[in-house]
Structures are given as C-alpha cells and as structure tokens.
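Subject: Structure for you to look at

Hello,

Please find the structure below, followed by notes on what was found in it. Keep the two side by side while reading.

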Amino acid sequence: MTQAERVRGLRVLVGNTPLLAIDFQVDDGPTRRLFAKAEHLNLTGSIKDRMALHVLRRGYESGALIPGAVIIEATSGNTGISFAAVGRALGHPVVIYMPDWMSAERKALIRSFGAEIRLVSKEEGGFLGSIRLAEELAARTPGAFLPRQFANELNTEAHVLTTGPELLAQLRAMGLVPGAFVAGVGTGGTIMGVGRALRHAHPGVRLHAVEPANSPTLSTGHKVGKHRIQGISDEFIPPIVYLDELDRVVAVDDGDAILMAQRLAAQLGLGVGISSGANFLAAMAVQDELGAGAVVATVFADSNKKYLSTDLMHEEPVKPGHRAPHVTLTGVRAFNRVCEICVDPNDPTSAPAGLFTATRHGVGATARG
Ligand SMILES: Cc1ncc(COP(=O)(O)O)c(C=O)c1O
C-alpha cells in the first residue's frame, strides 16, 4: 500500500463529524439552542486527529516527511495521542514530550499506540521545556519530522479546509447562518481555522476564544495560576493565534466547565471532556449578548474517557457565579455528516460501495447520503 493510499484510508476515519443541536433552558427561561461539532467521534476521540493527519499529509507532499522518519512532538496530550495513532498507522516511530502532570489516561493511550513518551517535570520546564526538548532531539536526529503544532500554519489550515466548511454546510442545510463561533485555545488552530472559513463566507460572524478564568493566558500573555481544563491555555500565546482577528476572549471557571461537561453526559448522554463544558458555557455567554435566537456554534473537542482519573468523575463543588447548575439540557439532535466533503468525486475509491458508478466521462454520483 502506498503512503497516499494509507492517508486516504485514514481520512475516512478523521473529521466530517456530525453537528449536534443542543436545546436547553437557563432557570425558567425560554428554550434556546447551541450547535457543537461532535469532535469526540474522531479516530482517537479528539479534534486533534484532523490537524495530525493534515500536517503529515502535507509533510509527504512537500517532501519534509520521509516515509519511516521519526515524528517528534511536544503536546499536552490529545495531539500526542493523535500523532501516535496516525503516525503509527502510517509506519512512523513517534516520540512525544509532555508535561508529567497530564491525566494518566493520556499517557497510557500514547504508550498504547506504540509511541515513546518522555515526561517533563515542572523543574525541567513543563510545557515550554517539552517544546525545547523536542527541538533538541530533532536537531540531533537525522530526517526527524517536527510538526510544531503551536507554530505551524498547517494546523490552522486543517480547520480552514475541513471543520469550517463542514460546519457551514451543516448549518446551511438547515437554512442557518452562523452568528458566532467560540472555541477554547490550545494551539489556536481550531478558532483561527474555523474562524477564517466562517468569516470568508459570512464576514460579520463573531469569533471568540475561550480561556480558563483561573488561568487567563490569552488575556495576560503568560502563564498565571492553575486550571483543570486540559488541552487549552498552556503557558504562552501560540504564534498561530492572531488576537486582532478575534473578538473578546471569554473566560470560564474550570469548576463550572466540569459541572457543564458532567451535565452533558448525565442529561443527554454526550460523554465529552472538560473543554467541551467550557466551550458550551462560553457559547451560552455569547448567545446571551447576541440574543436567544442567535446561531452560536462551538466544538466538543474530545470525549470524557481521557478524564476517568480526574475531577470530571467526582462531585464538583458549586461556587457562586457558576452557571452550569442553572442549565437544564432538554434535548439533542444530531445533523448528518457532510457527504460533499467525505467523498472526493474525482476519486472513486474514496466512496462507499454503490455511491458512485464509473461513467464514460469519469465518475458520476448515483446517490446522496
Ligand atoms: C481537549 C482539548 N480541547 C481543546 C483544544 C484546543 O484546540 P486547539 O489546539 O485547536 O486550539 C485541545 C487541543 O489540544 C484539546 O486537547
């Protein structure tokens, strides 16, 4: 099998997620609706699969990634899991540097996907230390491939080309125009990429980055305090984040995010991670400003399975100002995956059996999903 064929097979397992429409009430208020891409349904259970596959694919195309070369990345977890799984599926050794305080599930999963994991303590520099050590190893390893997710515009491009257009098509199918998109910022690839795709189609759409109120890196420019929303707000503003392209940053308390993620699982059966709870609350806050009928969308970046050993699985104390306890989730509807994106009309092998037939002029569609 060629690398291109392997990549094509993986593309079927990554992205093109359903769009969830979630109905809820705040106290006795009117029924409202928010939209979220179900990114927990990706190959390894997170949105980072999109970025990993796109960066590796472009690496082959540019010649920067040679088949069999070692992939070295610094990550707070989901990216490591994605590069481990996708990298191994494509036949690469993978080395992941990550801070040692990330959840036990993240570490175990990276190892289970056959990657080598190097844990970096706070004394060794934590997150920034992980990036430095990854760069140092790559410098002394011939042919090594460094995705550099925090500085790599291909991370953003993954969402410009997939997440954004999918969201637009799914909303369009319901006759809806997005009023705002919100997303927690880890590398910022999601907010910048989806944001650009949405603004291209609807220049007036509002774009809000989300950060933990307990550790507001984006607002301050550096690491302050501690928080439990793994995957967002690392220790610096990533170079691919352009705050001047975005509207105001929305802050969410990590305890509130935990309470909201717990409610999404307990009331709707949506087993999502802590950043998804934060994104939901931030989307709600933006909708408060725009009006109850505004179309506000976000992402559920990962599933709750990576948090079994964390506070997500324990009773979380309610504090004054928490909003999640006032939210009653009344229903969820899932909107279909987008077939225009999952099937490449020029490539019959990308289609499910029976969807396309060969014609005299090439390939023609016989049915729509
Ligand atoms: C759980 C979770 N939520 C949100 C994000 C943020 O996504 P991005 O890096 O595209 O900003 C990440 C990134 O790793 C994540 O792991």
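**Overall picture**

The protein has 11 helices and 12 strands; helices (H or I, at least four residues) and strands (E, at least two) are DSSP runs, numbered from the N terminus. The radius of gyration is 20 Å, close to the 21 Å that the globule rule gives for 369 residues, so the protein is as compact as a globular protein of that length. That radius is taken over C-alpha atoms, and the globule rule is 2.2 Å times the number of residues to the power 0.38.

This is a predicted model, in which local features need pLDDT of at least 70 and side-chain atom pairs count only at pLDDT 80 or more, while totals for chains, interfaces and linings use all residues. Residues are numbered from 1 along each chain as its sequence is written.

The C-alpha trace spans about 60 × 60 × 35 Å along the principal axes of the protein. Of the 369 residues, 50% are buried. A residue is buried if 20 or more other C-beta atoms lie within 10 Å of its own, exposed if 12 or fewer, and partly exposed in between, with C-beta atoms placed from the backbone. Among contacts with a separation of 6 or more, 71% are between residues 24 or more positions apart; two residues are in contact if their C-beta atoms, placed from the backbone, lie within 7 Å.

**Helix α5**

Helix α5 covers residues 126–139, and its 14 residues should span 20 Å at 1.5 Å a residue; the end C-alpha atoms are 20 Å apart, which agrees. The expected span is 1.5 Å times one less than the number of residues. Which residues of α5 are buried? They are Phe127, Ser130, Ile131 and Ala134. These cover an arc of only 95° around the axis, which puts them on the same side of α5; the arc is that of the directions from the helix axis to the C-beta atoms. An α-helix has 3.6 residues a turn, so residues three or four places apart point the same way. The buried residues of α5 pack against β3 (71–74), β4 (94–99) and β5 (116–120). Exposed Glu136 and Ala139 are on the face of α5 turned away from its buried side.

**Helices α9 and α10**

Helix α9 (residues 254–268) packs against helix α10 (residues 274–290) at an angle of about 100°, with the axes 7 Å apart. Axes are lines fitted to C-alpha atoms, for helices over the stretch in contact, and angles run from 0 to 180 degrees between N-to-C directions. The two helices are therefore roughly perpendicular to each other (under 35 degrees counts as roughly parallel, over 145 as roughly antiparallel, 65 to 115 as roughly perpendicular and the rest as oblique). Residues making the contact include Ile258 and Leu264 of α9 and Phe280 and Leu281 of α10.

Leu259 is also in helix α9, and counts as buried because it has 24 C-beta neighbours inside 10 Å. Leaving out residues up to four places away in sequence, Leu259 touches Glu316, Val318, His322, Ala324 and Pro325.

**Residues in loops**

Asn16 is in the loop between α1 (3–13) and β1 (19–26). Although not a glycine, Asn16 has a positive phi of about 50°. Asn16 is buried, with 22 other C-beta atoms within 10 Å.

Asn336 sits in the loop between β10 (327–335) and α11 (339–342). Is Asn336 buried or exposed? With 12 C-beta neighbours inside 10 Å, Asn336 counts as exposed. Asn336 and Asn16 are 320 residues apart along the chain, and their C-alpha atoms are separated by 9.2 Å.

Regards
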